[in-house]
Structure formats: structure tokens, C-alpha cells
Amino acid sequence: MSNNPAVNGALVRIEGVEKIFHRGSEEIHVLSELSLQVPAGEFLALMGPSGSGKSTLLNLIGGLDRPTKGTVHVAGDRIDTLSDHALAAWRARHIGFVFQLYNLMPVLTAERNVELPLLLTHLSKAERQKHVETALAMVGLSHRAKHYPRTMSGGEQQRVGIARGIVTDPTLLLCDEPTGDLDRKAGDEILNLLQALNREHGKTIIMVTHDPHASARAARTVHLDKGQLTNEPVK
Amino acid sequence: MKFFHLVWGNLKRRKLRTSLTLLSILVAFVLFGFLCAIKQALVGGVALAGADRLVVRHKVSLIQLLPESYQARMERIPGVAAATHQTWFGGIYQDPKNFFMQCPVVPEQFMAMFPEFILPPEQMKAWLATRTGAIVGRKTAERFHWKIGDRVPIMSPIWLRKTWEFDIVGIFDGAKKGTDTTSMFFRYDYFDEARKSQNFGTGQVGWYTIRVKDPAQAADVARRVDEEFANSPAETKTEPEGAFAQGFANQIGNIALIVGGILGAVFFTILLVTGSTMSQAVRERIGELGVLKAIGFTNGQVLALVLAESCLLTVLGGVLGLGLAWLLTARGDPTGGMLPLFFFPVRDVLIGLGISIVLGLITGILPAQQAMRLRVADALRRM
């Protein structure tokens with residue numbers, strides 16, 4: 001795999017992608033002939049109604065799924081042809097995920113949750129702890145390091161989720177409805193954080209949302225409808 | 001080790017379920033420990049038997065006596081290095097439940113034949129000098145608080161039906177962990193002279209032990225001994241000491257088969273209990289396994305995590321159970337003398353540890369494969 005994070009100037013390059021799911025004998029076309037490029041350092045919002053294929057597209061970019069047709073290049077690697085094993089290693093190196101429902105391990109403290117992706121690296125325990133402290137400090141949760149998710153608010157849990165997403169300093173941060181389960185105030189805090197990560201640390205972020213208030217924070221928004229990009233307005 | 005807190009945390013997720021599963025594993029391994037100790041008590045003599053020793057008994061049964069005069073004839077048979085005899089005394093100390101073995105023996109011959117009994121030289125000297133002298137094993141001496149110089153009364157329902165009195169002149173120890181130190185031995189000349197007075201069993205002994213010059217020739221020597229006494233009023237049956245001990249144990253039944261059967265049933269039940277626990281544990285956190293895969297855990301790592309969890313559960317239960325069994329069996333024979341070799345051998349402890357690991361792998365493999373095969377995108381939808 002190439003270490004070049006961008007191909008033809010784009011960190012993410014999707015060409016002619018189709019994704020078909022099968023339900024019995026029925027074929028469901030979720031994505032059709034979709035092409036998209038995302039340059040490094042961009043904060044992109046993917047908007048669309050339910051069932052438009054937003055999360056499927058995010059899964060393809062994150063290497064969680066493979067397209068039925070077409071190619072997916074991310075961070076210089078063509079990932080749609082990688083084996084499961086190679087794809088797992090690729091995700092560990094390049095992708096940070098932030099989920100709508102935070103998806104923290106309830107049996108682990110905040111700091112141990114944040115440490116999870118680092119367990120796949122060769123860092124020593126002390127080095128891992130240092131990275132964890134830095135990530136928690138970036139999301140403003142150093143004081144909650146030893147707390148379990150059940151004792152934290154939704155906003156705090158999502159900030160732990162973001163810390164887990166960025167602790168390995170991934171090439172790309174993928175956020176699936178990161179404010180979808182939060183009230184407006186907590187949602188704003190999360191969006192502020194994502195904006196800061198993009199502007200101050202140059203982190204490339206792709207965020208799926210159906211909330212215009214959230215998409216307004218992104219530098220660019222693309223719309224998906226019935227598996228196709230309808231337009232790409234630059235904000 | 002860096003994944004330990006994740007594995008441990010998952011086990012603590014359902015504390016009651018984990019505790020109950022752990023308890024059932026613990027009980028199974030305590031039972032394992034006890035059964036191993038009982039098996040050791042019943043068949044341990046086989047393993048401790050001397051490879052160069054043969055036991056000669058009456059061909060009809062062990063109860064039938066043999067002439068004392070056979071000893072000299074045996075010693076002349078090619079391949080025999082030495083011979084000595086013992087006789088079952090069957091005495092009772094104070095109460096019939098205070099069971100332990102007593103035998104009249106010829107001291108020098110006996111101690112030369114059984115070097116696994118360790119007796120200090122000065123006590124041996126005292127035994128040779130005291131006609132009514134007896135030596136007793138450490139366990140029995142401690143059990144009845146006997147000490148050297150004590151005179152102990154032993155009632156024999158077989159021999160003269162009277163109370164015999166013995167002077168304790170020595171206390172012997174065992175050279176090996178499994179050596180029986182519950183027996184008492186006293187002088188044959190004292191025993192036989194008393195029998196003479198009532199003309200009962202004089203010049204008759206229970207069985208002989210012979211030492212062969214070459215263990216490889218033991219079968220030939222055994223055949224020669226039996227040929228020597230063929231067609232006599234007291235024909236003999238000669239067999240290796242191990243086979244003799246095995247024959248004793250087999251009077252109860254096939255110990256290994258009985259123990260194996262019980263343990264097989266117990267561990268099969270544990271297999272189902274732990275397997276069910278692990279399947280539930282994986283089913284209820286499919287979403288979390290999806291998250292692990294999303295952040296880069298490979299299928300193999302997810303498989304290993306689930307297997308580590310099931311192994312940790314069974315090994316923890318196993319170690320606690322084996323430890324408890326060790327403590328309980330360390331108190332010695334629970335029957336008060338019927339099982340002198342009752343202890344939990346280290347070999348069986350290690351086998352128990354091995355079983356706990358295998359149990360963990362078997363119970364974990366199906367849930368682990370299920371976790372390994374999860375598709376990330378599908379699993380994340382089940383968070």
C-alpha cells in the first residue's frame with residue numbers, strides 16, 4: 001500500500017460506485033454510479049433523507065463494507081480490493097470513527113475506551129497513556145478519565161467517542177450522525193469540537209447528518225437522494 | 001496482557017451470571033480433586049510398588065496362609081535375591097473404627113525389603129532388642145498421639161482373640177510422598193511364640209515378598225516360584241507387587257473407569273453451562289464487537305478475545321476449585337484410616353489445570369467463531 005495520503009489531490013476518491021443489497025430474490029440499489037472526491041483537510045457534510053445511502057457511503061469510505069461495483073481510493077490506497085485482514089489494519093491506521101450512539105464499551109472507563117485503538121499499535125503502556133491524556137485533554141474531559149460511560153452525560157460520552165476517534169491521529173475522521181442523539185446545546189459543543197479539529201489541526205472530516213444546523217458547520221455539503229449525489233453546493 | 005482489562009471487564013459485565021458459572025466450575029474442580037485423591041488412595045499403591053518385588057500368596061486366596069518353611073525354598077530359587085513374609089493381624093485399637101494395618105514381620109529382612117520406610121538406626125536397634133517392640137508410621141503415631149516408650153494395647157479378633165500389648169520403639173517416615181505411614185509392624189518371633197501357646201496358626205504366614213535380582217526376569221522368577229510349590233497342599237500365586245496392589249483395588253471395581261465416568265458427566269455439564277454463558281455473552285454485545293472491528297481489530301484478534309474470555313472464566317474457576325480441593329485434601333484421610341494414601345497428587349493438579357484450559361477453548365470456540373464472522377456494518381446496526 002502507498003503511504004501517499006492523496007491521489008490526484010483528493011484524499012478520498014470514489015468512482016462509479018454501486019452498492020446493491022439482496023433481500024431474498026429482491027435487489028436493493030442503495031448507491032448508483034456514484035462518484036465523489038474529498039480533498040485532504042476538508043470538513044464535508046453528507047446530507048440526505050433516511051435510506052438515501054449516507055451511512056452506506058460512509059461505510060464504503062471507512063472500509064467497513066465493499067462496493068458491488070466501482071473503485072474506492074482513500075489515503076492513497078484502493079481499499080475495495082483489500083482482504084478483510086488488510087482492511088482491518090488499514091482502518092486502524094487511517095480511520096477514526098464517531099458514532100451516533102457513541103458506541104463506548106460500558107465495561108471500560110473513559111480512558112480505557114480511548115485507549116482501545118492504541119492497543120493495536122506497538123506503543124508502550126506509558127506512551128499509550130500519554131496519547132490518551134492528550135486526546136482527552138483535546139475534548140476537555142481530562143477530569144472524567146476514570147469515569148465509566150454510564151456515569152456521563154450524552155455529550156460527554158460523545159466527546160469520549162471523538163477522543164477515541166482521534167487518539168491514533170487518523171488520516172480521516174468519519175462521523176455518523178454525531179449529534180443525532182444529543183440535545184441542541186450538547187450537539188453544538190460536539191460540532192464546535194469537530195470544527196476545531198478541522199480548522200486548528202487540519203483533520204479531514206466526513207460527517208453524515210440529516211440536520212441542516214449540523215451541516216452548516218461543514219465547509220461543504222453534498223446531498224444524497226436515492227443513492228445518487230444530487231448536487232455539491234460549496235459553502 | 002494489554003487486552004486483559006477488556007477481557008476482564010467483559011467478564012464483570014454480568015456479575016451474577018459470571019459468579020454462578022464460576023461457582024459451578026469451582027464445584028466441578030473440587031469434585032475432580034476429591035475423586036483424584038480417592039483414586040490415588042485406592043490405586044496409589046500400584047504406582048509406588050517396587051519394580052523388583054514380587055508378592056507370593058496362596059493360590060486360593062489371600063486369606064489362606066502359607067508355611068513359614070517356604071521362605072528358605074524361595075531363597076534357593078534362581079533369580080531370587082531375598083524373601084520375607086508378613087501376616088495380616090487385623091487388630092483394633094480401642095474402637096473398631098480406628099482402622100490401621102498391623103503385621104508381624106522379621107525386622108532386618110523387612111526393613112531391607114522395604115527401603116521406602118525410613119527408621120532411625122537407634123530405633124532399629126531398640127526394635128531388635130525389644131521382643132514386644134513395634135514400629136509405627138508417622139501418621140498413625142500422630143493420630144493416636146503415640147510416642148516412643150508408650151505401651152499400646154491392640155485387640156486381635158483373629159489371633160488368639162486377646163488384647164496384645166506392644167512397646168512403641170520406633171516411628172518411621174516415608175521416603176516418598178505417597179508412602180503409607182499408617183501401618184504398624186511388630187516382631188514375628190513374639191507373634192509366633194504366642195500362637196504356639198495355643199497351637200493356632202503356628203509356622204504359618206500371610207504372604208511373602210521376594211526381591212528379584214533382575215526386574216527384567218521377574219516373570220520367569222514368578223513362574224519358577226509357582227512351579228516350586230505346585231501340587232503341594234499350599235500352592236502359590238506369584239505376581240508383581242504392582243499387580244498385587246491393583247488386584248486389591250479391583251475388589252472395589254475399575255476405579256479409573258468409575259472416576260472417569262463421574263468426571264466425564266460433571267465436565268460435560270460444565271461444558272454446557274459455560275458454553276451457554278459464553279454464547280449469551282457474545283450475543284448481547286454484537287454491536288460492541290462491531291465497534292472493535294471498525295477501529296481495526298482483525299477477525300483473528302476478535303476470535304482470540306472471546307477465547308481468552310472463556311479460558312479466563314474456566315481457568316479462574318479451575319484454579320479456585322483445584323486450590324480448594326488441595327486445601328481440603330491436605331487434611332488427610334477423611335475416613336480415619338481406610339484411605340491411608342489419600343492426597344491430591346501434583347500430577348493430577350496439573351491435569352486439572354490442563355482440563356480447565358481445554359474446557360475454556362471448547363466452550364469458547366463456537367461463540368468466538370460467531371464473533372469472528374460478524375460483518376462490521378451489520379454488527380454496528382445492532383449496537
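I began with strand β3 (residues 43-47) of chain A, which pairs with strand β8 (residues 204-209) of chain A in the parallel sense over five bridges. The model I am reading is a predicted one.

I read an open sheet of six strands in chain A, ordered β6-β7-β8-β3-β9-β10, with mixed pairing. Which strands stand at the edges? I noted β6 (95-98) and β10 (228-229) of chain A there; each has a single partner strand, so one side of each is left without a neighbour in the sheet.

Next I examined the helices against this sheet. Helix α5 (residues 154-166) of chain A packs on it, touching β6 and β7 (172-176) of chain A. I recorded about 170° between the direction of α5 and that of β6(A). I also looked up helix α6 (residues 184-201) of chain A, which lies across β3, β7 and β8 of chain A. Its direction runs at about 150° to β8(A).

I turned to chain B and followed the pairings of strand β8 (residues 163-174).

- I found strand β5 (residues 117-118) of chain B joined to β8(B) by two bridges, the two running antiparallel; B:Phe117 has B:Gly174 as its bridge partner.
- I found strand β6 (residues 133-137) of chain B joined to β8(B) by five bridges, in parallel; here B:Ala134 is partnered by B:Ile168.
- I found strand β7 (residues 151-155) of chain B paired with β8(B) over five bridges in the antiparallel sense; the bridge partner of B:Pro153 is B:Glu165.

My last entry concerns two helices of chain B. I read an angle of about 140° between helix α10 (residues 255-283) and helix α12 (residues 299-329), with their axes 11 Å apart. Angles over 145 degrees would count as roughly antiparallel; α10(B) and α12(B) are therefore oblique to each other. I noted that α10(B) passes α12(B) in a right-handed crossing. Which residues make the contact? From α10(B) I listed B:Thr274, B:Met278 and B:Val282, and from α12(B) I listed B:Val306, B:Ser310, B:Leu313 and B:Thr314. Sorting this contact by class, I counted four nonpolar and three polar residues, and no charged ones.

Conventions: Residues numbered from 1 in each chain as written. Chains lettered and ligands numbered in written order. Predicted model: local features only at pLDDT ≥ 70, side-chain atom pairs only at ≥ 80, totals over all residues. Pairing = 2+ DSSP bridges. Helix = DSSP H or I, 4+ residues; strand = E, 2+ residues; numbered from the N terminus. Axes fitted to C-alpha atoms, helices over the stretch in contact; angles between N-to-C directions. Parallel < 35°, antiparallel > 145°, perpendicular 65-115°, else oblique. Left-handed = near helix turned anticlockwise from the far one by under 90°. Contact = placed C-beta atoms within 7 Å. Nonpolar A, V, L, I, M, F, W, Y, C, P; charged D, E, K, R; others polar.
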